Amino acid sequence: MTEVTIFVDGVAVVAEAGRPLGALMHRLGPAMRRTREGAPRGLFCGMGVCFDCLVTVDGVADRRACMTPIRDGMRIETSLASGNPS
Ligand code: FES
């Protein structure tokens with residue numbers, strides 16, 4: 001696999017291209033977002049069913065991290081950084 005650099009909430013992270021983004025996000029910290037009630041959410045089913053792993057990818061909101069392959073230069077925003085629930 002090819003190593004690439006992506007940006008998670010503005011922080012550069014080296015990752016392997018083609019691997020699922022959800023696995024990387026889980027390794028960085030299990031929570032990817034918070035609900036309106038403030039509950040942490042992250043990788044749960046890992047196969048695109050539960051929608052607990054929603055992040056913004058290159059400006060597109062509500063992308064399932066577990067179903068998104070890592071690409072060079074991609075920019076990930078979590079609601080943990082913005083403080084806005086998703
Ligand atoms: S972890 Fe369930 S949809 Fe991604």
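These questions and answers go through the strands, core, loops and side-chain contacts of a predicted model.

Q: Which residues touch the most other members of the largest nonpolar core?
A: This core holds 17 residues. Elements giving two or more residues to it are β1 (3-8), β2 (11-16), α1 (21-28) and β5. The residues that touch the most other members are I6, L21, L24, M25, V55, I70 and I76.

Q: Which residues is L21 in contact with, leaving aside neighbours within four places in sequence?
A: L21 is one of the core residues that touch the most other members. I6, V55, I70 and I76 are also among those residues. Beyond its sequence neighbours, L21 is in contact with I6, V55, V57, A65, T68, I70 and I76.

Q: Over how many bridges do β5 and β6 pair?
A: Strand β5 covers residues 54-57 and strand β6 covers residues 60-64. L54 stands opposite R64, and V55 stands opposite R63. The pairing is antiparallel, over three bridges.

Q: Which residue in the hairpin of β5 and β6 takes a positive phi near 50 degrees?
A: This hairpin has two residues between the strands.

Q: Is D58 buried, partly exposed or exposed?
A: The relative accessible area of D58 is 38%. Buried needs under 20% and exposed needs over 50%. The value falls in between, so D58 is partly exposed.

Q: Where does D9 lie?
A: D9 has a positive phi of about 50 degrees, although it is not a glycine. At 31% relative accessibility, D9 is partly exposed. Its place is the loop between β1 and β2.

Q: What is the phi of G38 in the turn of the β3 and β4 hairpin?
A: β3 and β4 pair in the antiparallel sense over three bridges. A31 has G42 in β4 as its bridge partner. The hairpin has five residues between the strands. In its turn, G38 has a positive phi of about 90 degrees.

Q: Why does T56 count as buried?
A: T56 lies in strand β5. Not counting residues up to four places away in sequence, T56 touches A61, R75, I76 and E77. Buried means under 20% relative accessible area. T56 counts as buried because its relative accessibility is 18%.

Q: How far is the charged end of R75 from the centre of the ring of F7?
A: R75 is one of the residues that T56 touches. The charged end of R75 sits over the ring of F7. Its distance from the ring centre is 4.2 Å.

Q: How many aromatic pairs does the structure hold?
A: A pair needs ring centres within 6.5 Å. The number of aromatic pairs in the structure is zero.

Q: How far apart in space are C50 and R64, C-alpha to C-alpha?
A: C50 lies in the loop between β4 (40-42) and β5. At 27% relative accessible area, C50 is partly exposed. Beyond neighbours within four places in sequence, C50 is in contact with F44 and C45. C50 and R64 are 14 residues apart in sequence, and their C-alpha separation is 9.2 Å.

Q: What distance separates the C-alpha atoms of G29 and T78?
A: G29 is in the loop between α1 and β3 (31-34). G29 is partly exposed, at 22% relative accessibility. Along the chain, G29 and T78 are 49 residues apart. Their C-alpha atoms are separated by 11 Å.

Technical notes:
Residues numbered from 1 in each chain as written. Predicted model: local features only at pLDDT ≥ 70, side-chain atom pairs only at ≥ 80, totals over all residues. Heavy atoms only, no water. Phe/Tyr/Trp six-rings, centres within 6.5 Å; stacked < 30°, edge-to-face > 60°. Lys NZ or Arg CZ within 6 Å of the ring centre and 35° of its normal. Pairing = 2+ DSSP bridges. Helix = DSSP H or I, 4+ residues; strand = E, 2+ residues; numbered from the N terminus. Core = buried A, V, L, I, M, F, W, Y, C linked by side-chain atoms within 4.5 Å. Buried < 20%, exposed > 50% of the residue type's maximum accessible area, 1.4 Å probe, protein only. Contact = heavy atoms within 4.5 Å.
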